[in-house]
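This briefing covers one protein structure, shown below.

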Amino acid sequence: MELLSTEFLAALAAIVVIDLVLAGDNAIVIALAVRTLPPRKRRLGIVTGTAAAAGMRILFTLIATRVMRKVYTLTGLVPSKMIKRSMN
């Protein structure tokens, strides 16, 4: 897939839209969770919640990538050499 192809740009746009929706959802959940806290604890809750949401998104992305690599390797859809090369 070329970087400036229509297929690549459409996939990139879809990922960006999904990421924005998830970020908005996280912001609403965090706001609801900290709304009754005193101002000092509210700020700590917002920072902690945002960091946790970002960390979990990164962790789950890494896990999904590992699972997809294993599936593609087992099914033979992607050559094993290519996967081993990209893991280094």
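A residue counts as buried when its relative accessible area is under 20%, as exposed when it is over 50%, and as partly exposed in between. Arg57 has a relative accessible area of 27%, so it is partly exposed. The model discussed here is predicted.

**Salt bridge**

- Across the whole structure, the search finds 1 salt bridge.
- The salt bridge pairs Asp19 with Arg57, and their closest N and O atoms are 2.6 Å apart.
- Asp19 is partly exposed because its relative accessible area, 35%, falls between the 20% and 50% limits.

**Nonpolar surface patch**

- Met56, Leu59, Phe60, Ile63, Val67, Met68, Val71 and Tyr72 make up a nonpolar surface patch of about 740 Å².
- One of these patch residues, Ile63, is located in helix α2, which covers residues 39-75.
- Ile63 has a relative accessibility of 43% and therefore counts as partly exposed.

- Leu22 is a residue of helix α1.
- With a relative accessibility of 40%, Leu22 is classed as partly exposed.
- Leu22 and Ala53 are separated by 31 residues in sequence, while their C-alpha atoms lie 9.7 Å apart in space.

Notes:
Residues are numbered from 1 along each chain as its sequence is written. This is a predicted model: local features need pLDDT of at least 70, side-chain atom pairs count only at pLDDT 80 or more; totals for chains, interfaces and linings use all residues. Side-chain values use heavy atoms; hydrogens and water are left out. Patches are made of residues with over 30% relative accessible area and no salt bridge: like charges are joined within 9 Å, nonpolar side chains (Val, Leu, Ile, Met, Phe, Trp, Tyr) within 5 Å. Accessible areas come from the Shrake-Rupley method with a 1.4 Å probe; for residues, only the protein chains shown count as cover. A salt bridge is a side-chain nitrogen of Lys or Arg within 4 Å of a carboxyl oxygen of Asp or Glu. Helices (H or I, at least four residues) and strands (E, at least two) are DSSP runs, numbered from the N terminus. Buried means under 20% relative accessible area, exposed over 50%, partly exposed in between (1.4 Å probe, protein chains only).
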